[in-house]
Amino acid sequence: MDAIDRRLLELLREDASRPLKTLAAEVGLSRSSVRDRIVRMQAQGVIRRYTIETPAQDGALSAICMLRLLRTPDMRVVESVTAMPEVVRCDALSGEIDLLVEVAAADAAALNETRDRIAALPGVVEVTTSVVLTRY
């Protein structure tokens with residue numbers, strides 16, 4: 001991966017919907033060269049998926065669930081957690097916390113129900129939940 005690939009990744013992180021023409025102009029290459037680079041990075045697993053961010057709905061709650069697992073890595077737990085529609089993000093960590101999971105729910109009851117489903121997964125030893133008060 002060279003400086004142009006890194007710049008393309010930076011541009012795609014900012015806005016993955018940018019047209020190839022715009023990306024090409026930003027990095028000084030032809031559209032076909034940019035397309036080839038993106039296809040290569042996808043094949044290598046550097047680019048694994050594209051996603052969207054939506055603003056939180058009014059009244060929605062966000063929480064961070066910190067999971068300790070029986071063993072790591074446990075892809076069954078990761079796959080189960082990330083399949084839940086309320087899960088916004090799931091990160092593996094080093095240290096005492098194995099997974100950091102961000103959850104968005106319509107209200108406290110829905111948030112608690114999602115937290116309980118996560119806690120009941122085989123392989124999950126402990127879940128500590130903190131509700132997000134303010135995002136900066």
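Two strands count as paired if DSSP finds at least two bridges between them. Helices (H or I, at least four residues) and strands (E, at least two) are DSSP runs, numbered from the N terminus. This is a predicted model, in which local features need pLDDT of at least 70, side-chain atom pairs count only at pLDDT 80 or more, and totals for chains, interfaces and linings use all residues. Residues are numbered from 1 along each chain as its sequence is written, and side-chain values use heavy atoms, with hydrogens and water left out.

**The sheet**
- Four strands form an open sheet in the order β2-β3-β1-β4, with antiparallel pairing.
- β2 and β4 (124–131) stand at the edges with a single partner strand each, so one side of each has no neighbour in the sheet.
- The twist from one strand to the next averages 20 degrees. Angles here run from 0 to 180 degrees between N-to-C directions, and axes are lines fitted to C-alpha atoms, for helices over the stretch in contact.
- Strand β1 (residues 61–69) is joined to β3 by seven bridges, and the two run antiparallel.
- A63 stands opposite V103 in β3.
- β2 and strand β3 (residues 99–105) also run antiparallel, joined by five bridges.
- V87 has V103 in β3 as its bridge partner.
- The hairpin of β2 and β3 has six residues between the strands, and G95 there takes a positive phi near 100 degrees.
- Most residues other than glycine have a negative phi, and most peptide bonds are trans.

**Helices on the sheet**
- In the sheet order β2-β3-β1-β4, seven bridges join β1 to β3.
- α4 packs on this sheet and touches β1, β2, β3 and β4. Contact means heavy atoms within 4.5 Å.
- The direction of α4 makes about 160 degrees with that of β2.
- Helix α5 (residues 108–119) packs on the sheet too, touching β1, β3 and β4. Its direction makes about 160 degrees with that of β4.

**Helix α3 and its partners**
- The axes of helix α2 (residues 20–27) and helix α3 (residues 31–43) come within 8 Å and cross at roughly 100 degrees.
- That makes α2 roughly perpendicular to α3. The classes are: under 35 degrees roughly parallel, over 145 roughly antiparallel, 65 to 115 roughly perpendicular, and the rest oblique.
- From α2, L20, K21, L23, A24 and V27 meet R31, V34, R35 and I38 of α3.
- The residues of this contact are six nonpolar, no polar and three charged. Ala, Val, Leu, Ile, Met, Phe, Trp, Tyr, Cys and Pro count as nonpolar, Asp, Glu, Lys and Arg as charged, and the others, Gly among them, as polar.
- Helix α1 (residues 3–14) packs against α3 at about 85 degrees, with the axes 11 Å apart.
- α1 is therefore roughly perpendicular to α3.
- I4, D5, L8, L9 and L12 in α1 meet V34, R37, I38, R40 and M41 in α3.
- This contact divides into seven nonpolar, no polar and three charged residues.

**P73 and a pocket**
- P73 sits in the loop between β1 and α4.
- A cis peptide bond joins T72 and P73, with omega about -10 degrees.
- The second largest pocket has 13 lining residues, and P73, V78, A92, D98 and L99 lie nearest its centre.
- α4 (75–82) and β2 (87–92) are the elements that give two or more residues to that lining.
- By class, the lining has eight nonpolar, two polar and three charged residues.
- A pocket is an open set of points on a 1 Å grid over the protein atoms alone where a 1.4 Å probe fits, with protein on both sides within 12 Å along at least five of seven lines; lining residues have an atom within 4 Å of a point.
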